[in-house]
Amino acid sequence: MNVLELDDVRLDLPSKHGDRTLLRGVSLSLAPGEALGLVGESGSGKSMTLRTVLRTEPEGARVTGRVVLDGRDVRTLGAADLRRVRADAVTMISQNPRAALNPVLRVSRFLVEGLCDARGESREAATRRARDLLAQVGIADVDRCMASYPHQLSGGMLQRVVIAAAVASAPRLLLADEPTTALDVTTQSEVMAILDGQRREHGMAMLFVTHDLELASAVCDRIAVLYAGEIVEIATPAQLHAAPRHPYTRLLLDSRPNIAARVPALPVIPGRPIAAYEIEGGCAFASRCPWAAPRCEREEPALVHDAGRATRCLRAGELADELAGAPADDAADVSGAPAEAGRDGETEARA
Amino acid sequence: MTAQTLDRPAVRRRGGDLAERLGPLGLAALAVVALITLAALCAPLITSHDPAVGSVIERYQGPSAEHLLGTDQSGRDLLARLLYGARTSLLGAAVVVLLAGAGGALLALVAAWFGRTVDALVGRVLDLLFAFPNLLLAILAVAVFGTGLGQVTVALAIAYVPYTARVLRSVALRERRLGYVQAAELQGLSGLVVSVRHILPNIAPQILTGAAINFGYAMIDLAALSFLGLGVQPPTADWGLMVSQGKDSLLQGHPQQSVFAGVCIVVAVAAFSVIGERLGGRKAGGRA
Amino acid sequence: MSTTAENVIEISGLRKQFAVGRGKRRRTVHALDDVSLAVADGSCLAVVGESGSGKTTLARILVGLESADGGEVVLAGRPVARRPRRAERRARARDIQMVFQDPNGSLNRRRTVEAAIKEVLAAHHRVTGDEARRRVGELLDQVGLRPAHARALPGELSGGQQQRVAIARALAAEPRVLVLDEAVAALDVSVQAQVLNLLAEIRQARRLTYLFITHDLSVVRQVSEEVVVMRQGRIVERGSTDEVLDRPRHAYTMLLRDSAPRPGWRPRLSTGADAREVEA
């Protein structure tokens with residue numbers, strides 16, 4: 001049985017400009033021990049998807065569809081059951097570890113009390129375990145860390161403490177929302193290595209939200225690319241890099257500068273990322289897509305599953321070879337999209 | 001971005017935003033404030049009685065066609081005294097809030113612009129002012145400069161400065177660190193120009209919110225001072241003074257004066273507090 | 001460091017200290033510790049480092065938002081006073097301008113795009129009225145915005161558009177040098193590429209010199225010819241971009257390069273990082 005299943009999850013948020021749709025029909029599943037990356041730009045709904053799992057979406061949001069965690073629909077749970085799920089089955093690691101720790105308690109108290117409360121351990125046993133956990137997340141000076149207050153520790157150290165606390169209750173599912181975005185790159189590398197190692201060791205499934213496709217590729221079994229509140233493609237990292245099937249995925253891969261080689265001009269996606277409520281019918285990506293055909297403006301593509309991966313593109317079949325083969329700067333040429341599209345693109349798209 | 005977004009007048013619909021932030025209760029409070037202000041302004045049109053003159057023969061009358069709310073211990077028309085009393089009460093509070101807002105904003109801008117030593121110095125001065133209870137400061141001022149509305153409003157304004165300055169300083173500091181202020185600074189524009197042209201408009205909402213909240217407190221404090229006989233002097237009409245003058249009549253079985261004036265104070269203060277709270281909550285520059 | 005007339009920026013022995021903490025915990029941090037570098041006219045130098053490396057302090061001293069404790073800055077052949085008067089700052093602004101990281105905060109949310117650019121035009125070139133309006137139109141066109149954007153408030157623009165306006169505002173002073181402090185870090189990937197291309201175009205068209213502050217080695221590869229790597233206030237490695245990225249010599253540069261996610265990358269633990277992570 002899958003640890004987590006999202007079935008046609010839709011989220012509308014009332015605002016002063018009327019209801020705003022942020023998710024429109026997100027469906028995904030997560031097997032035990034599997035890591036799934038949710039990758040997208042701002043407005044794609046990646047974080048909002050994560051928040052529907054623990055029902056921490058913004059106040060007033062209306063969510064439809066099913067979020068099934070270990071066979072139970074989270075959306076219909078009572079308050080007590082929901083609290084139990086939040087305490088036992090799922091843990092969340094967010095971008096800001098400082099928000100997770102009480103600033104006036106030492107790390108030792110945060111960890112030991114958490115363990116005593118959750119598992120009814122004695123203080124001595126809990127202290128021993130807390131020290132073990134800290135050592136496991138690569139903290140060299142455990143004594144010093146245990147005796148520190150949160151403000152005395154760097155962001156990277158705090159995120160390790162949060163990870164240690166997260167794995168302590170051995171949850172079946174780990175929700176990680178951009179856990180390393182606020183960290184320096186070298187610290188990010190270390191924290192991700194620890195997170196990845198601990199997750200595998202404890203056999204936890206993970207939903208990993210990030211804007212960084214490469215980072216997700218490194219630690220996830222499968223990746224779901226989101227755009228404007230919809231999943232546009234799901235595939236393994238290897239499949240995505242070798243042969244993306246959605247134009248957005250291809251362009252996302254290409255428009256990121258390459259650390260190994262410089263290109264004369266970066267291939268760009270014209271315009272800016274939009275949110276679900278800005279879709280004007282047809283394919284959400286059509287207005288920015290160099291491969292868009294007239295019918296893309298009219299028909300709404302469905303997420304089509306095929307051999308373990310899925311794509312939401314009307315022209316996926318015809319474009320398969322082109323999207324797979326073309327290296328960075330050729331892609332735009334083949335399609336006839338002018339290389340300088342990006343210059344004016346952002347202002348003229350959808351104008 | 002899209003033309004669609006550009007055409008959406010998201011930022012310019014200020015009036016609509018205001019109504020939305022106030023909500024039904026806030027709008028009702030706003031209506032109450034407007035009504036009181038209007039009544040105070042139009043006092044001569046509503047009543048023909050002089051609030052300061054009465055005849056002892058007509059003292060302690062109940063409501064009648066001639067005196068809608070009756071008369072006080074000196075036979076003065078209570079309605080007239082309430083209406084004209086609103087003028088002094090509102091004006092006094094307005095002056096306090098205006099001076100305190102201006103002083104607070106000035107200190108905040110100076111602290112934010114110069115930072116470091118100047119900021120620390122401003123902080124110490126504020127701490128010092130915080131140490132004085134508001135009323136004590138006002139009483140001190142009266143002891144030195146004599147009784148009167150002018151003296152106590154200025155004294156209260158000074159007492160209110162730290163409350164507004166504390167909040168405005170933190171907002172101004174946040175703005176000071178933003179790119180647009182730094183960009184203006186690096187063009188070689190003077191601190192005065194950058195503070196007035198760039199920072200001030202962006203902390204204006206907090207100044208206004210703080211003013212709305214403090215207005216209520218200022219009314220209470222002024223009424224208290226008048227009650228103690230330190231503020232408005234008889235025979236001028238003032239709500240606080242009316243409560244005070246009515247307290248003897250209260251024992252003689254004529255509660256009207258104290259009750260009417262007290263109700264007016266409570267309603268006005270509540271209305272201003274609601275508006276202030278709706279505009280920005282307690283974090284936005286309130287006294288307490 | 002060789003001093004030639006072709007260098008538009010020459011920095012030597014720059015030092016800056018900050019006091020942190022209070023009481024017994026008070027200590028000084030060397031934000032910049034003997035930093036020297038030169039930037040050739042028309043080139044792009046990338047300054048790479050993580051938080052606490054001093055890269056932003058370097059930028060802020062260069063444009064005059066902060067003053068150094070020691071060392072010398074020569075900008076366009078003129079030595080820069082350590083604590084400049086306002087007139088000197090204004091003169092310096094005609095040589096050097098800055099674009100900030102946060103697109104949202106770098107524009108006054110109560111003033112239109114046009115007002116923001118006109119302020120700079122008036123401050124440095126005494127351009128006003130119709131002439132100013134015409135120049136605003138030109139500048140917006142250069143950064144890929146439409147004339148209609150002149151009347152927009154920042155809140156009505158996307159992050160990418162806000163950053164374009166910030167670039168237009170900097171260009172309004174007609175500087176020789178543009179300091180870009182993590183100017184694309186807050187943008188979405190697809191918008192980041194647009195702005196990077198735009199910056200490359202503008203540099204070519206206006207023969208500008210860039211000082212590009214970033215933590216992102218992929219961006220370094222794309223934009224710069226030369227790079228300095230900073231760590232804890234010191235320059236630990238410098239050279240041509242290709243040389244430093246392909247054959248890094250300093251252990252820290254290697255660590256930085258190995259930490260950057262890319263195809264086939266795996267996160268890994270390096271040793272010895274923990275010691276510096278606990279703050280006393």
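Mentor: Residues are numbered from 1 along each chain as its sequence is written, and chains are lettered from A and ligands numbered from 1 in the order in which they are written. In this predicted model local features need pLDDT of at least 70, side-chain atom pairs count only at pLDDT 80 or more, and totals for chains, interfaces and linings use all residues, while side-chain values use heavy atoms, with hydrogens and water left out.

Trainee: How many residues does the contact take from chain A and from chain C, and what area is buried between them?

Mentor: Contact means heavy atoms within 4.5 Å, and buried area is the accessible area (1.4 Å probe) that two parts lose on being put together, summed over both. Chain A gives 56 residues to the contact and chain C gives 56 residues. Carbon and sulfur atoms supply 50% of the buried area. The area itself is about 4600 Å².

Trainee: Which residues form the salt bridge between chain A and chain C?

Mentor: A salt bridge is a side-chain nitrogen of Lys or Arg within 4 Å of a carboxyl oxygen of Asp or Glu. The count between these two chains is one. With the closest N and O atoms 2.8 Å apart, the partners are Asp216(C) and Arg256(A).

Trainee: Which element gives the largest share of the side of chain A that touches chain C?

Mentor: Helices (H or I, at least four residues) and strands (E, at least two) are DSSP runs, numbered from the N terminus. Elements giving two or more residues to this side include helix 6 (155–168), helix 7 (185–201) and helix 14 (341–348) of chain A. The largest share, nine residues, comes from helix 7 of chain A.

Trainee: Within chain A, which residue stands opposite Glu233(A) in strand 12?

Mentor: Two strands pair if DSSP finds at least two bridges between them. Strand 10 (residues 230–235) of chain A is joined to strand 9 (residues 222–227) of chain A by five bridges, antiparallel, and strand 10 also pairs in the antiparallel sense with strand 12 (residues 309–311) of chain A over two bridges. In strand 12, the residue opposite Glu233(A) is Thr311(A).

Trainee: Which residue in the turn between strand 9 and strand 10 of chain A has a positive phi?

Mentor: These strands form a hairpin with two residues between them. The residue with a positive phi, about 50°, is Ala228(A).

Trainee: How many residues of helix 1 of chain A are buried?

Mentor: Buried means under 20% relative accessible area, exposed over 50%, and partly exposed in between (1.4 Å probe, protein chains only). Among the buried residues are Met48(A), Leu50(A) and Val53(A). Just after this helix, Arg55(A) takes a positive phi of about 55°. Helix 1 (residues 46–53) is mostly covered, and of its eight residues the number buried is six.
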